[in-house]
Amino acid sequence: ASTIFLGCEDKTARFVDGQQGTLLHTEQHPHWVNRVALSPETNRAATACSDGKVRLLQQDTKTVEAELDAGGPVVSVCFMPDGRQLLCGLRSGEVQVWGLSQQPPALRTRLQGHTDWVRAIAVRADGRRAVSGSNDKKVRVWDLTQSSSFSTLLGPRTEKARDWEPNYAFLDHLDVLSRHTDWVLGCDLASDGKLLASASADKTVKLWRLDSGRLVRTLTGHTSWVFDCRFSPDRSLLVSCSRDTMLRVWRVHTGETVRLLQGHFNRILCCKMFWWRRQSRRAR
C-alpha cells in the first residue's frame with residue numbers, strides 16, 4: 001500500500017493512504033512544516049519546521065523517533081540514498097549533515113557557502129554529490145566523497161552505496177552555478193547523475209551538466225515563479241510547477257514543452273513524477 005506524506009502551513013504533518021485517500025495520522029508541530037522527506041531504506045520520515053527542529057518519524061508506527069535541533073528555521077530536508085544521513089537546509093544559508101545511525105542522531109558537519117535561505121536539496125543516487133538551491137540565486141554542488149577532487153566523479157565504483165559512508169572531514173564545495181536572476185526554489189538530479197535541473201523565481205528552469213557545471217539550456221514558458229521540478233526516471237522528460245498554476249512537461253533533449261497541464265486555481269508548490277510501463281495486449 002502506498003502512503004502520502006504531507007507538510008502543511010497549518011502546523012501539521014499528515015500521513016494519507018495513497019489508495020483510499022483517508023487520513024492515517026496527523027502529527028502536530030509548533031510552527032509551519034516547510035518540507036518533508038521519506039526514506040524507504042530505513043522506513044523513516046522527516047519534517048523541516050520553522051521552529052528550528054527536524055523531526056524523525058517511523059512510517060509504520062507514526063511516532064516521533066527523534067528531534068534534531070538545527071539551531072534555526074529549517075526550510076528543506078533530504079535523506080541520503082541509504083537513509084543513514086540527513087541533509088537540512090536552513091534559513092541562515094547553512095546546510096547541515098546529520099548522522100542517523102546512532103542514537104541520538106549527531107550533527108556531522110555544516111556546509112557553508114550560501115548567504116540566504118536554502119530552499120531545496122537533492123542528492124545523487126550514489127550519494128557522492130549533493131546540490132542545494134538558495135534565495136541567494138545560486139545552486140551549489142557539494143562533494144560528499146572521501147576526496148574533494150572532481151576526478152572521483154569519473155572513477156570506478158564497485159562497493160554498494162549502502163555500505164559506503166562519506167568521510168565528512170573532506171567535504172568540499174565544488175561549483176557555484178549562478179545564472180539565475182532570482183531565488184532558486186527547487187532542484188533535482190537525473191537518475192544517472194549527469195544532469196541537474198534548477199527551478200527559480202525568475203520564471204525559468206535551467207539544465208546543467210553536473211560534471212562541468214556547464215549550462216545546457218534554459219526552459220522558458222512559465223509566467224511566474226517556478227517552485228519545483230522533477231526528472232522522469234528515464235531522464236527523457238522533466239515536469240515543473242509554478243505560481244502561474246500550470247504544470248509543464250518538457251522534453252529534456254530539446255527543451256520543448258510537450259504537455260501543458262491546467263486545472264489548478266492557485267499556485268502549485270511541489271511536484272513528483274511517477275512512472276509506469278504500459279502492459280502489452282498479450283500481457284492483458
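Which residues form one aromatic cluster? I looked up the rings and found Trp 183, Trp 225 and Phe 227 in it.

**Ground rules.** I am reading a predicted model, in which local features need pLDDT of at least 70 and side-chain atom pairs count only at pLDDT 80 or more, while totals for chains, interfaces and linings use all residues. Residues are numbered from 1 along each chain as its sequence is written, and side-chain values use heavy atoms, with hydrogens and water left out.

**Confidence.** I checked pLDDT, the predictor's confidence in each residue, from 0 to 100. The protein chain averages 81, and 81% of the residues score at least 70. Residues 271-284 stay under 50. Where pLDDT is low, the predicted coordinates should not be read in detail.

**Aromatic pairs.** I noted three in the structure. Rings of Phe, Tyr and Trp (its six-membered ring) pair if their centres lie within 6.5 Å; planes under 30 degrees apart count as stacked, over 60 as edge-to-face and the rest as tilted. Phe 5 and Phe 15 have ring centres 4.4 Å apart and planes at 25°, so I logged this pair as stacked. Both Phe 5 and Phe 15 are buried (under 20% relative accessible area; exposed is over 50%, partly exposed in between, with a 1.4 Å probe and protein chains only).

**Charges over rings.** My cut-off was NZ of Lys or CZ of Arg within 6 Å of the ring centre and within 35 degrees of the ring normal. Lys 62 has its charged end over the ring of Phe 15, 5.2 Å from the centre. Over the ring of Trp 225 I found the charged end of Arg 243, 4.6 Å from the centre.

How values were computed. Contact means heavy atoms within 4.5 Å.
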